[in-house]
Amino acid sequence: MRYEIRVDGHLSQPLIEVFPELDHVTVSGQTLLFGPVVDEAHLYGLLARCQSLGLRILELRQVPE
């Protein structure tokens with residue numbers, strides 16, 4: 001499964017490094033994190049990381065492989 005997580009704002013390099021398994025791109029004041037998610041536990045772990053860092057998730061979606 002591949003997912004995209006769109007968060008508010010530009011993430012600094014140290015914040016990007018918290019998500020080593022994901023690629024990223026910054027667009028219009030938002031950061032898009034994207035990449036493979038192996039299972040539901042991995043997805044919930046990514047969401048927990050976002051929450052612990054205080055990131056505001058704008059969108060989460062599964063994308064075709």
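This is a predicted model: local features need pLDDT of at least 70, side-chain atom pairs count only at pLDDT 80 or more; totals for chains, interfaces and linings use all residues.
Student: Happy with that. What makes β2 and β3 a pair of strands?

Tutor: Strands here are DSSP runs of E, at least two residues long, and helices are runs of H or I of at least four, both numbered from the N terminus. Two strands pair if DSSP finds at least two bridges between them. Five bridges join β2 to β3 (residues 30-36), so the pair passes the rule of at least two. One example is V25, whose bridge partner in β3 is L32.

Student: How do you know that β1 pairs with β3 and with β4?

Tutor: By the bridges again: β1 and β3 share seven, in the antiparallel sense, and six join β1 to β4, also antiparallel. In β3, E4 has F34 as its bridge partner, while in β4 the partner of Y3 is Q62.

Student: What order do the strands take in the sheet?

Tutor: The four strands form an open sheet in the order β2-β3-β1-β4, with antiparallel pairing.

Student: Why are β2 and β4 called edge strands?

Tutor: Because β2 (23-27) and β4 (57-63) each have a single partner strand, one side of each is left without a neighbour in the sheet. From one strand to the next, the twist averages 15 degrees.

Student: Where does helix α2 lie?

Tutor: Helix α2 (residues 40-52) lies across β1 (2-8), β3 and β4, and runs at about 165 degrees to β4. Such angles run from 0 to 180 degrees between N-to-C directions, with axes fitted to C-alpha atoms, for helices over the stretch in contact; contact means heavy atoms within 4.5 Å.

Student: Why is E4 called buried?

Tutor: Buried means under 20% relative accessible area, exposed means over 50%, and partly exposed is in between (1.4 Å probe, protein chains only). E4 has a relative accessible area of 15%, so E4 counts as buried. Leaving aside neighbours within four places in sequence, the contacts of E4 include L32, F34, L60 and R61.

Student: What makes E4 and R61 a salt bridge?

Tutor: The rule asks for a side-chain nitrogen of Lys or Arg within 4 Å of a carboxyl oxygen of Asp or Glu. For E4 and R61 the N to O distance is 2.9 Å, so the pair qualifies. E4 sits in strand β1 and R61 in strand β4, 57 residues apart. R61, at 40% relative accessibility, counts as partly exposed.

Student: How do you know that R6 and E59 form one too?

Tutor: Their closest N and O atoms are 3.4 Å apart, so they meet the cut-off as well. R6 lies in strand β1 and E59 in strand β4, so the pair ties together parts that are 53 residues apart in sequence. Both are partly exposed, R6 at 22% and E59 at 33%.

Student: And why is R56 called exposed?

Tutor: Its relative accessible area is 55%, so R56 passes the mark for exposed. The side chain of R56 meets that of D8 in a salt bridge (3.5 Å, N to O). D8 is partly exposed, at 38%.

Definitions and conventions
Residues are numbered from 1 along each chain as its sequence is written. Side-chain values use heavy atoms; hydrogens and water are left out.
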